[in-house]
Amino acid sequence: MATTELIELAIETSKKAYVPYSHFPVAAVLVTKDGSTYTGVNIENASYSLTNCGERTAIFKAVSEGQREFSELIVYGQTEKPISPCGACRQVMAEFFEHDLKVTLVAKDRSTVEMTVGELLPYSFTDLN
Ligand code: THU
């Protein structure tokens, strides 16, 4: 799927976000090297800190289905500028993605910024050595 189609999928997916507290839907679309796509939305909780971001939902869905090889991530939020992923999600990206994996960040007007995981989280902690 082309990145433009993945962006439309992310926007459509964001309707499934569970956001009764923030009313701020976020969606992610994660593409695997074998061409599968995994979507994720933010899922909030009355105990606010238990909220799971859209990015981590997509990554955890894919990893729990046995996927380990990823090629691209799209993140959509209803922001003025392309959404900036939180620190926790950047750390989870660094765990599973190669540092040059392309992350496309999308704003509510569909404007985009492309970054790599390495740019989002330089000098990341990825192992115990
Ligand atoms: N959120 C995400 O899902 N991803 C991000 O990158 C930033 C924040 C969610 C968490 C919470 O449900 C809402 O956006 C407001 O912080």
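# A tour from the end of helix H2

Start just after H2, where Gly-66 takes a positive phi of about 95°. Keep in mind throughout that this is a predicted model.

**Stop 1: helix H2.** Step back and select residues 54-64, which form H2. Eight of its 11 residues are buried, so H2 is largely enclosed by the rest of the structure. Colour the buried ones: Gly-54, Glu-55, Arg-56, Thr-57, Ala-58, Ile-59, Ala-62 and Val-63. Now show what covers them. The cover includes strands E1, E2 (37-41) and E3, together with helix H3.

**Stop 2: the H2 and H3 pair.** Two packed helices are described by the angle between their axes and the distance between the axes.

Show side chains at the contact. From H2, select Glu-55, Arg-56, Ile-59, Phe-60 and Val-63. Facing them in H3 are Ala-88, Cys-89, Val-92, Met-93 and Phe-96. By class, this contact has eight nonpolar residues, two charged ones and no polar ones.

**Stop 3: the other sides of H3.** Keep H3 and select its buried residues: Cys-89, Arg-90, Val-92, Met-93 and Ala-94. What do the buried residues of H3 pack against? Their partners are H2, E3, E4 and H4.

**Stop 4: the largest nonpolar core.** This core has 23 residues. Select Leu-30, Leu-73, Met-93, Phe-97 and Val-103, which have the most contacts inside it. Then bring in the elements that give two or more residues to the core. They are strands E1 (26-32), E3 (70-77) and E4 (102-106), with helices H2, H3 and H4 (117-120). Apart from this core lies another, of nine residues; Ile-7, Ala-10, Val-31 and Ile-74 are among them.

Centre on Phe-97. Leaving aside neighbours within four places in sequence, Phe-97 is in contact with Leu-30, Ile-59, Phe-70, Leu-73 and Val-117.

**Stop 5: Phe-70.** Move to Phe-70, in strand E3. Is Phe-70 buried or exposed? Its relative accessibility is 5%, so Phe-70 counts as buried. Show its surroundings, not counting residues up to four places away in sequence. Phe-70 touches Leu-30, Val-31, Thr-32, Lys-33, Ala-62, Val-63, Phe-96, Phe-97 and Leu-101. For a distance check, pick the C-alpha atoms of Phe-70 and Ile-59: 11 residues apart in sequence, 9.6 Å apart in space.

**Stop 6: Asn-42.** Go to the loop between E2 and H2, the place of Asn-42. At 5% relative accessibility, Asn-42 counts as buried. Beyond residues up to four places away in sequence, Asn-42 touches Ala-17, Tyr-18, Val-19, Phe-24, Pro-25, Val-26, Asn-52, Cys-53 and Gly-54. Now pick Leu-128, 86 residues from Asn-42 along the chain. Their C-alpha atoms are separated by 30 Å.

**Stop 7: two positive phi values outside glycine.** Select His-23, in the loop between helix H1 (3-13) and E1. His-23 has a positive phi of about 55° although it is not a glycine. At 61% relative accessibility, His-23 counts as exposed.

Finish at Tyr-123, in the segment after H4. Tyr-123 is not a glycine, yet it has a positive phi of about 50°. Tyr-123 counts as exposed, at 87% relative accessibility.

Note on methods: Residues are numbered from 1 along each chain as its sequence is written. This is a predicted model: local features need pLDDT of at least 70, side-chain atom pairs count only at pLDDT 80 or more; totals for chains, interfaces and linings use all residues. Side-chain values use heavy atoms; hydrogens and water are left out. Axes are lines fitted to C-alpha atoms, for helices over the stretch in contact, and angles run from 0 to 180 degrees between N-to-C directions. Helices (H or I, at least four residues) and strands (E, at least two) are DSSP runs, numbered from the N terminus. Contact means heavy atoms within 4.5 Å. Ala, Val, Leu, Ile, Met, Phe, Trp, Tyr, Cys and Pro count as nonpolar, Asp, Glu, Lys and Arg as charged, and the others, Gly among them, as polar. A nonpolar core is a set of buried Ala, Val, Leu, Ile, Met, Phe, Trp, Tyr and Cys residues joined through side-chain atoms within 4.5 Å. Buried means under 20% relative accessible area, exposed over 50%, partly exposed in between (1.4 Å probe, protein chains only).
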